Amino acid sequence: MERPLTPKEIVAELDKYIIGQDEAKRCVAIALRNRWRRQQAPQELRDEIAPKNIIMIGPTGVGKTEISRRLAKLAQAPFLKIEASKFTEVGYVGRDVESMIRDLTGLAVNIIRKEEEDKIEGKAREMAEERILDLLLPPPPVKASPPPGQDGVIEVTAEPPHKTREQLRKLLREGKLDERLVEVEVSDRALPVVEIFSTAGLEEIDMNVKDMLSGLFPKKTKRRKVKVPEAMEILSEEETQKLIDMDKVVKLAIQRVEQSGIIFFDELDKIASREQGHGPDVSREGVQRDILPIVEGTTVMTKYGMVKTDHILFIAAGAFYVSKPSDLIPELQGRFPIRVELESLGKEEFIRILTEPQNALITQYVELMKTENVHLSFAKEAISEIAETAATINERTENIGARRLYTIMEKLLDEVSFEAPELSGKKIVIDAAYVNKKLEEFVQDEDLSRYIL
């Protein structure tokens with residue numbers, strides 16, 4: 001595993017893609033670093049250090065989900081982003097909350113498996129190469145004495161001459177045999193379709209039945225004629241499967257989930273119960289009650305074995321427009337001790353969002369137009385005008401944050417995008433006048449901007 005990032009390095013990485021929200025970045029950076037610090041603590045104290053779960057509160061479009069996406073790449077640990085609104089209370093049709101631990105464990109198994117594959121890639125490829133050479137140069141028949149009581153000569157196989165094999169190996173590595181066809185055996189395991197009707201743990205039951213059936217039905221193979229490069233991939237994959245110890249992979253995966261797993265709960269506010277005016281809000285509170293033991297620490301059964309959730313870090317986010325964090329059940333509130341509020345975005349932030357990040361919107365549109373050989377550029381005043389328009393419409397209608405920029409940019413460049421193939425080789429400069437001309441109608445007419453932008 002790579003060297004763990006320091007909090008400053010994590011914030012610097014997040015700064016490349018997310019404008020502002022310094023407090024939220026600091027919180028997640030500290031939480032991420034604390035995962036590593038806990039691992040370095042004395043063994044007797046390690047189990048006593050509980051993760052400090054976080055709730056990020058802020059309107060839509062200010063960067064909550066983007067922080068989670070970027071965090072996943074920096075975490076160097078099993079990381080799952082899940083929508084809290086996907087879950088339903090046990091007994092209702094839908095996903096039960098334990099499925100997120102199963103998903104996280106599945107992700108961890110894939111991560112560890114990939115790491116193991118990278119370690120043995122060279123060896124697997126060498127073994128595949130030997131098998132390709134056997135296919136390209138079958139051992140020639142040689143003469144031998146017949147057994148007693150038989151006349152004549154029989155043929156037995158012997159290893160091909162070393163020199164010829166090495167010459168063939170050289171041609172193979174130089175790519176001169178890439179067009180040759182070889183016949184390889186590939187597994188053709190088709191399982192019968194089984195439909196399962198169940199409310200709880202549906203995915204897990206489905207997987208277990210598939211595993212069970214795969215052991216019952218014989219493994220079928222079929223012969224295919226493929227070109228040498230494709231045969232190399234197929235045989236490398238087969239050799240990799242033989243070399244990887246899946247028991248070790250599963251053991252390491254469970255350990256990594258338990259010690260450094262991170263789950264990002266998005267849309268937590270959607271399961272917060274509002275004031276009880278129309279009878280009990282069973283499904284919402286039920287989901288909270290189901291989530292509580294997982295956040296507190298419990299043991300979940302997965303297809304890979306038992307997984308403890310005591311030290312998994314939970315980061316939750318929600319807009320909390322209608323409900324408030326205090327509408328969550330008290331026990332769940334207590335399990336999220338760190339709360340950080342994200343700020344609304346204004347004109348200055350929009351200007352920076354349009355120009356500064358590595359994936360800035362302006363950069364995206366310029367590069368898209370380059371594919372049509374159209375050279376698009378934006379004047380400084382035009383960028384300022386776009387930001388001003390986005391801020392104005394957010395104030396007048398629903399505040400959807402930076403997402404407003406997407407709708408405005410699409411409306412602004414609608415004509416250019418449509419006619420781009422005919423504009424090949426031309427330079428197009430978007431200035432303030434062009435922005436005003438294209439967006440003036442929507443800014444002035446509040447009803448129109450409410451529906452179009």
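Guide: In this predicted model, strand S1 (residues 54-57) pairs with strand S10 (residues 313-318) in the parallel sense, over 4 bridges. Within this pairing, Ile-54 has Ile-315 of S10 as its bridge partner. In general terms, the strands of a sheet pair through backbone hydrogen bonds, either parallel or antiparallel. Here S1 and S10 belong to an open sheet of 5 strands, whose order is S2-S7-S10-S1-S11 and whose pairing is parallel. The edges are formed by strand S2 (79-83) and strand S11 (338-341), each of which pairs on one side only. From one strand to the next, the twist averages 15°.

A helix also belongs to this picture. Helix H5 (residues 99-136) lies across S2 and strand S7 (262-266), and runs at about 150° to S2.

Turning to the helix pairs, helix H1 (residues 7-15) packs against helix H2 (residues 22-40) at an angle of about 135°, with the axes 8 Å apart. H1 is therefore oblique to H2. The crossing of these two helices, H1 and H2, is right-handed. H1 contributes Pro-7, Ile-10, Val-11, Leu-14 and Asp-15 to the contact, while the residues from H2 include Lys-25, Val-28, Leu-32 and Arg-37. By class, the contact of H1 with H2 comprises 7 nonpolar, no polar and 5 charged residues.

In a further pair, the axes of helix H14 (residues 380-396) and helix H17 (residues 432-444) come within 9 Å and cross at roughly 10°. H14 and H17 are therefore roughly parallel to each other. Their contact has 6 nonpolar, 3 polar and 3 charged residues.

Conventions:
Residues are numbered from 1 along each chain as its sequence is written. This is a predicted model: local features need pLDDT of at least 70, side-chain atom pairs count only at pLDDT 80 or more; totals for chains, interfaces and linings use all residues. Side-chain values use heavy atoms; hydrogens and water are left out. Axes are lines fitted to C-alpha atoms, for helices over the stretch in contact, and angles run from 0 to 180 degrees between N-to-C directions. Angles under 35 degrees count as roughly parallel, over 145 as roughly antiparallel, 65 to 115 as roughly perpendicular and the rest as oblique. Ala, Val, Leu, Ile, Met, Phe, Trp, Tyr, Cys and Pro count as nonpolar, Asp, Glu, Lys and Arg as charged, and the others, Gly among them, as polar. A crossing is left-handed if the near helix is turned anticlockwise from the far one by less than a right angle, and right-handed if clockwise. Contact means heavy atoms within 4.5 Å. Two strands pair if DSSP finds at least two bridges between them.
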